[in-house]
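Dear colleague,

Please find the structure below.

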Amino acid sequence: MEINIKNLNELRNFSKKFANCLKGNEIILLYGNLGAGKTTFTKYLVSSINPELEDDVNSPTFTVMNIYETEKFPVYHIDLYRIKDFDISDIIGTGVIVIEWSEYIKLENLDVPIIKIKILTEGEEERKLIIEFENAENIKKCLSE
Ligand SMILES: Nc1ncnc2c1ncn2[C@@H]1O[C@H](COP(=O)(O)OP(=O)(O)O)[C@@H](O)[C@H]1O
Ligand SMILES: [Mg+2]
């Protein structure tokens with residue numbers, strides 16, 4: 001699936017729609033260069049559920065993982081830019097796991113839904129999202145509605 005985003009506001013709208021499709025056990029793998037918008041997407045995803053958490057969502061580059069307790073489910077926000085190896089086996093299925101720099105994670109034979117989102121920078125505010133789904137047909141369907 002490809003989504004063209006014209007500006008920050010459209011990303012905010014898409015993130016909200018996306019959040020509404022989640023059940024709470026998904027792994028979201030984010031790909032994209034520095035400044036593509038991985039952290040911004042995560043921020044909007046969390047704040048669409050709980051607006052007061054918006055300022056809490058920042059790149060966990062120095063902490064590896066931040067946890068945001070939204071009213072729907074915990075969101076585990078992981079950034080592998082510096083620490084390129086992180087064991088998520090204990091948290092899989094217990095919340096939504098969002099990973100920046102997913103190139104560095106190896107996941108094998110998981111039965112939880114996995115959504116891969118590649119963010120391409122097309123202009124100052126224009127982005128293209130290329131989204132792939134594994135065990136996540138219901139989310140694909142939800143996003144297409
Ligand atoms: N449509 C957009 N989507 C995402 N970020 C955007 C967009 N337009 C502008 N930006 C800006 O691009 C930057 C993205 O930074 P960030 O989310 O930290 O990227 P990353 O985590 O991928 O390194 C932010 O300053 C954000 O405001
Ligand atoms: Mg980031």
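Helices (H or I, at least four residues) and strands (E, at least two) are DSSP runs, numbered from the N terminus.

This is a predicted model, in which local features need pLDDT of at least 70, side-chain atom pairs count only at pLDDT 80 or more, and totals for chains, interfaces and linings use all residues. Residues are numbered from 1 along each chain as its sequence is written, while chains are lettered from A and ligands numbered from 1 in the order in which they are written.

Leu 11, Phe 14, Ser 15 and Phe 18 are the buried residues of H1. They lie on the same side of H1, because they cover an arc of only 105° around the axis, taken from the directions from the helix axis to the C-beta atoms. Asn 9 and Asn 20, on the other side of H1, are exposed. Here a residue is buried with 20 or more other C-beta atoms within 10 Å of its own, exposed with 12 or fewer, and partly exposed in between, C-beta atoms being placed from the backbone.

The buried residues of H1 pack against strand S1 (2-5), H2, strand S7 (127-134) and helix H3 (137-144). Contact requires C-beta atoms, placed from the backbone, within 7 Å.

The axes of H1 and H2 are 8 Å apart, and the two helices pack at an angle of about 60°. H1 is therefore oblique to H2 (under 35 degrees is roughly parallel, over 145 roughly antiparallel, 65 to 115 roughly perpendicular, the rest oblique). Axes are lines fitted to C-alpha atoms, for helices over the stretch in contact, and angles run from 0 to 180 degrees between N-to-C directions. The contacts involve Leu 11, Arg 12, Ser 15, Lys 16, Phe 18 and Ala 19 in H1, which meet Thr 40, Phe 41, Tyr 44, Leu 45, Ser 48 and Ile 49 in H2.

With H3, the axis of H1 comes within 9 Å and crosses at roughly 140°, which makes H1 oblique to H3. Lys 17, Phe 18 and Cys 21 in H1 meet Ile 139, Cys 142 and Leu 143 in H3.

Finally, Asn 58 sits in the loop between helix H2 (38-49) and strand S3 (65-69). Asn 58 is partly exposed, because 14 other C-beta atoms lie within 10 Å.

Yours sincerely

Notes: Two residues are in contact if their C-beta atoms, placed from the backbone, lie within 7 Å.
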